[in-house]
Amino acid sequence: MSALTELIKQKTALLPEKTNAYRVADGKPWPGIFIDALADRLLVSVRDTSVPRGLQDLLQQTGSPVYLKRLDKDVKDAPEHFCGLEAPLRFEIQENGVRYIMDMAAGYSQGIFLDQRDNRAEVRRRCRPGMRLLNTFSYTGAFSVCAALAGATTTTLDLAQPCLSWCRENMELNGIDPSAHFFCKGDTLHWLDRFARQGRTFDAIVLDPPTFSRDEKGRIWRVEKDYGSLVAKAMTCLAPHGWILCTTNCRKVSHNQFRKLVLSGAPGAAIETSPMTFDFDGEDYLKTIWVSR
Ligand SMILES: C[S@@+](CC[C@H](N)C(=O)[O-])C[C@H]1O[C@@H](n2cnc3c(N)ncnc32)[C@H](O)[C@@H]1O
């Protein structure tokens with residue numbers, strides 16, 4: 001059995017049921033190379049390297065459609081077909097039985113961040129019918145879909161209208177009626193201020209921002225500097241007994257620094273941390289803290 005098929009076998013044996021999207025190789029045994037299985041496709045991401053000849057052969061032997069993406073600094077291109085069969089660029093994956101639309105042609109990101117699988121499952125586990133969840137920086141709304149499946153009423157917020165439309169499609173794919181949920185286009189910080197002024201509160205809030213963001217007026221926001229004030233704003237919209245999922249993939253911030261940032265925005269709050277999902281067994285970069293009042 002090849003190193004690649006051995007990894008696929010090991011990882012699939014540990015996956016939750018009804019899950020066909022996961023990280024096969026996380027920078028090892030091929031340094032700088034990250035391989036994701038997305039249903040029957042493989043996505044190979046390379047950082048400052050190229051795919052070695054031996055791995056090319058192993059990828060070819062899988063018979064899967066294989067796509068290649070460059071993670072090099074300043075490159076933000078969509079993946080390109082690398083080898084194997086050509087397949088439709090738009091397709092579906094399943095995670096814990098939840099269906100999500102993926103799109104290889106959508107740009108640098110394909111529709112879901114696989115490293116958040118356990119956090120999505122935990123959001124679903126913590127939500128109850130009638131709860132109100134605010135999903136900020138929503139991207140394609142995967143957290144909203146999980147909360148809605150548990151019966152929560154979701155408010156999904158993103159700067160980009162196409163992301164909100166994608167979230168609606170993900171909801172429909174899972175039998176959720178999007179018209180029973182709320183969608184807000186715009187800057188998270190502005191909306192949090194607006195909700196606070198209106199006295200609108202939520203029982204749960206998801207804060208999973210990009211490491212760097214520019215608001216509508218061009219002002220720059222960075223995790224390492226501004227996460228604490230984001231948490232503080234979210235706390236003003238949190239109902240009594242509510243919780244906030246604080247998470248970041250920012251590599252510049254250590255686990256300890258992230259804890260301090262979160263607590264600077266929610267002094268005295270109860271916090272719990274979660275580890276990274278098991279298939280991301282390379283760098284321990286994802287930080288997750290659950291804040292409760
Ligand atoms: C890192 S992703 C968020 C990932 C998402 N939480 C998930 O689970 O898939 C970044 C998203 O944040 C959005 N975004 C960036 N800056 C924003 C801002 N200031 N306010 C609202 N959304 C923003 C982007 O449009 C993009 O969809």
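Two residues are said to be in contact here if their C-beta atoms, placed from the backbone, lie within 7 Å. By that criterion, and leaving aside neighbours within four places in sequence, Ala234 is in contact with Leu192, Ile205, Leu207 and Ile244. The structure is a predicted model, in which local features need pLDDT of at least 70 and side-chain atom pairs count only at pLDDT 80 or more, whereas totals for chains, interfaces and linings use all residues. Residues are numbered from 1 along each chain as its sequence is written.

**Domains and their contact**

- The chain is divided into domain 1 (3-103) and domain 2 (114-292), with bounds that come from an automatic or database domain assignment.
- The C-alpha centres of domain 1 and domain 2 lie 26 Å apart, and 15 residues of domain 1 are in contact with 18 residues of domain 2.
- On the side of domain 1 that touches domain 2, α1 (3-14), β1 (21-26) and β7 (98-103) each supply at least two residues; helices (H or I, at least four residues) and strands (E, at least two) are DSSP runs, numbered from the N terminus.
- The residues of that side of domain 1 divide into six nonpolar, two polar and seven charged, where Ala, Val, Leu, Ile, Met, Phe, Trp, Tyr, Cys and Pro count as nonpolar, Asp, Glu, Lys and Arg as charged, and the others, Gly among them, as polar.

**The largest nonpolar core**

- The largest nonpolar core has 70 residues, and those with the most contacts inside it are Ile205, Leu207, Val231, Ala234, Ile244 and Val262; a core of this kind is a set of buried Ala, Val, Leu, Ile, Met, Phe, Trp, Tyr and Cys residues joined through C-beta atoms within 7 Å.
- Helix α4 (residues 142-149) gives the most to this core, with six residues.
- Domain 1 (3-103) and domain 2 (114-292) both give residues to this core, so it lies between them.
- A residue is buried if 20 or more other C-beta atoms lie within 10 Å of its own, exposed if 12 or fewer, and partly exposed in between, with C-beta atoms placed from the backbone.

**Helix packing**

- Helix α7 (residues 223-235) and helix α8 (residues 255-265) pack at an angle of about 35 degrees with their axes 7 Å apart; axes are lines fitted to C-alpha atoms, for helices over the stretch in contact, and angles run from 0 to 180 degrees between N-to-C directions.
- The crossing of α7 and α8 is right-handed, a crossing being left-handed if the near helix is turned anticlockwise from the far one by less than a right angle, and right-handed if clockwise.
- On the α7 side the contact is made by Tyr227, Gly228, Ser229, Leu230, Val231, Ala232 and Met235, and on the α8 side by Leu261, Val262, Ser264 and Gly265; by class, this contact has seven nonpolar, four polar and no charged residues.
- The axes of α4 and helix α5 (residues 161-173) come within 9 Å and cross at roughly 35 degrees, and this crossing, too, is right-handed.
- Ala142, Ser144, Val145 and Ala148 in α4 meet Cys167, Asn170 and Met171 in α5, a contact that has five nonpolar, two polar and no charged residues.

**Loop residues and backbone features**

- A cis peptide bond, with omega of about 10 degrees, joins Lys28 and Pro29, and Pro29 is placed in the loop between β1 and β2 (33-38).
- Ala39, in the loop between β2 and β3 (41-46), has a positive phi of about 55 degrees although it is not a glycine, and it counts as partly exposed with 14 C-beta neighbours inside 10 Å.
- Asp48, in the loop between β3 and α2 (53-62), has a positive phi of about 55 degrees although it is not a glycine, and it is exposed, with 10 other C-beta atoms within 10 Å.
- Ala150 lies in the loop between α4 and β9 (153-158) and counts as partly exposed, with 15 C-beta neighbours inside 10 Å; leaving aside neighbours within four places in sequence, Ala150 is in contact with Arg124, Cys127 and Arg128.
- Leu286, in the loop between β15 (270-273) and β16 (287-292), is buried, with 22 other C-beta atoms within 10 Å.
- Not counting residues up to four places away in sequence, Leu286 touches Asp115, Thr247, Asn249 and Met276, while Leu286 and His255 are 31 residues apart in sequence and 8.5 Å apart in space, C-alpha to C-alpha.
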